[in-house]
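Subject: Structure for you to look at

Hello,

Here is the structure I said I would pass on. My notes on what turned up in it follow below.

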Amino acid sequence: MKRVFIFVLILMMIIPVQAFGDVLPQELPKKEKSINGVFEIAAEIDNQWIKLGELGFGKFQETKEIDCGDYLKGEDALIRITQNGGGASYLDAVFLDGVQAVKANGSEGKVLSKLSKEDLDVTPVEDGITLEFKVSGNNGILSVTGRIEPVDISKEPLQFPLLNTPKNKDDIKEFYTYEINSNFGTVIADGNIEEIKNKEPFVKEFRKTGSGHPFGYVYFWVMNDEENLYVTMDVTVDNTYDGDKDYGKVYINTSEGIKEYKVSVPETKWGNTSFTYTDKVPYEHKVYEFKIPVIELGNQDEIEIAFAVYGTAVAPDHVYF
Ligand SMILES: [Ca+2]
Ligand SMILES: [Ca+2]
Ligand SMILES: [Ca+2]
């Protein structure tokens, strides 16, 4: 019955799109409306910060350019990027005439390396970023790749399996099945997911996000030993560190109902999380490790298990696509 309902839902969504397919150009102004804020670009000229202009960004990452050529002289350029308006904002890459900076916020550390390549390895803008460039060409075209989220963001997590759209744990309907002892092993739930190296994931599913976070695969590994069930999550769609806002959840169907186990930065009763690089993607992102005592699960040979992740990366509005 549910499948029939979903089929009808999909039909309802497709038909209006086709009916209005020939008026697509009118969609264009809408894009401008999706601007959530601006990055203000300033340059230090004769020991004074001069505002050169601003670039508007929405929640989806894009690259915009600003011509600073009239202001920059000589080989050194000090550029400051600050945010005005919107919610959380991130920069992926900034180039001056195609050349990366030599220092970011006065050093050659992580912020500089993140901004030196367009690769979804992003850094939050927060109180602003100052970049030092050494360029010999004098075109002065600054290209900025980033995004600015709206102030109010969705609270809807990504669900696994896909068809779960619960408001609370008792609404979970779809599960994967894990056979106890089918993947025997022990995990130290410290946020370092080295234990799953070279192991096939239990679940690997592609997800599109609705928040401007990357589209990509989310991986889950399930293991157990005599004492615990272990779940490891590699959440490549969450390339932002958001402290207590990001979370992972494991749902297990037991004779006492559906049990929920949540891990976030402050919630470590059932495991740990970190923001790190893995072999799955070239950018830093969230991973989770859960350790759940088997005594919690009842005496089951097979368990029904489901997952949810929130990254401020969220499910798109139309989850069926
Ligand atoms: Ca980058
Ligand atoms: Ca570990
Ligand atoms: Ca996040």
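Strand β14 (residues 228–235) pairs with strand β18 (residues 285–293) in the antiparallel sense, over eight bridges. Within that pairing, Met233 stands opposite Tyr288 of β18. Strands here are DSSP runs of E with at least two residues, helices are runs of H or I with at least four, and both are numbered from the N terminus. Two strands pair if DSSP finds at least two bridges between them.

Before the rest, the conventions: this is a predicted model, in which local features need pLDDT of at least 70 and side-chain atom pairs count only at pLDDT 80 or more, while totals for chains, interfaces and linings use all residues. Residues are numbered from 1 along each chain as its sequence is written, and chains are lettered from A and ligands numbered from 1 in the order in which they are written.

β14 and β18 belong to an open sheet of five strands, ordered β12-β13-β14-β18-β17, with antiparallel pairing. Its edge strands are β12 (203–207) and β17 (271–276), each of which pairs on one side only. On average, neighbouring strands of this sheet are turned by 15 degrees against each other, direction ignored (axes are lines fitted to C-alpha atoms, for helices over the stretch in contact, and angles run from 0 to 180 degrees between N-to-C directions).

Thr276 counts as partly exposed because it has 14 C-beta neighbours inside 10 Å. The scale is as follows: a residue is buried if 20 or more other C-beta atoms lie within 10 Å of its own, exposed if 12 or fewer, and partly exposed in between, with C-beta atoms placed from the backbone. Leaving out residues up to four places away in sequence, Thr276 touches Glu284 and Val287; contact means that the C-beta atoms, placed from the backbone, lie within 7 Å. Thr276 and Val287 are eleven residues apart along the chain, and their C-alpha atoms are separated by 7.3 Å.

A second open sheet also has five strands, in the order β2-β1-β4-β8-β6, and its pairing is antiparallel. β2 (48–57) and β6 (103–104) are at its edges with a single partner strand each, so one side of each has no neighbour in the sheet. β1 (residues 37–45) runs antiparallel to β2 and is joined to it by nine bridges. Ile41 stands opposite Gly53 in β2.

Strand β15 (residues 247–254) is mostly covered, with six of its eight residues buried. A hairpin of two residues connects β15 to β16. Eight bridges pair β15 with β16 (residues 257–264) in the antiparallel sense, and Thr254 has Gly257 in β16 as its bridge partner. β15 also pairs antiparallel with β19 (residues 302–310), over seven bridges; there Ile252 is bridged to Ile305.

Gln159 sits in strand β10 (residues 158–160). This residue is buried because 21 C-beta neighbours fall inside 10 Å. Beyond its neighbours within four places in sequence, Gln159 is in contact with Asn164, Thr165, Ala308 and Ala315. Its C-alpha atom is 8.0 Å from that of Ala306, 147 residues away along the chain.

Of its 321 residues, 36% count as buried. Among contacts between residues at least 6 apart in sequence, 72% join residues at least 24 apart.

Regards

Conventions: Contact = placed C-beta atoms within 7 Å.
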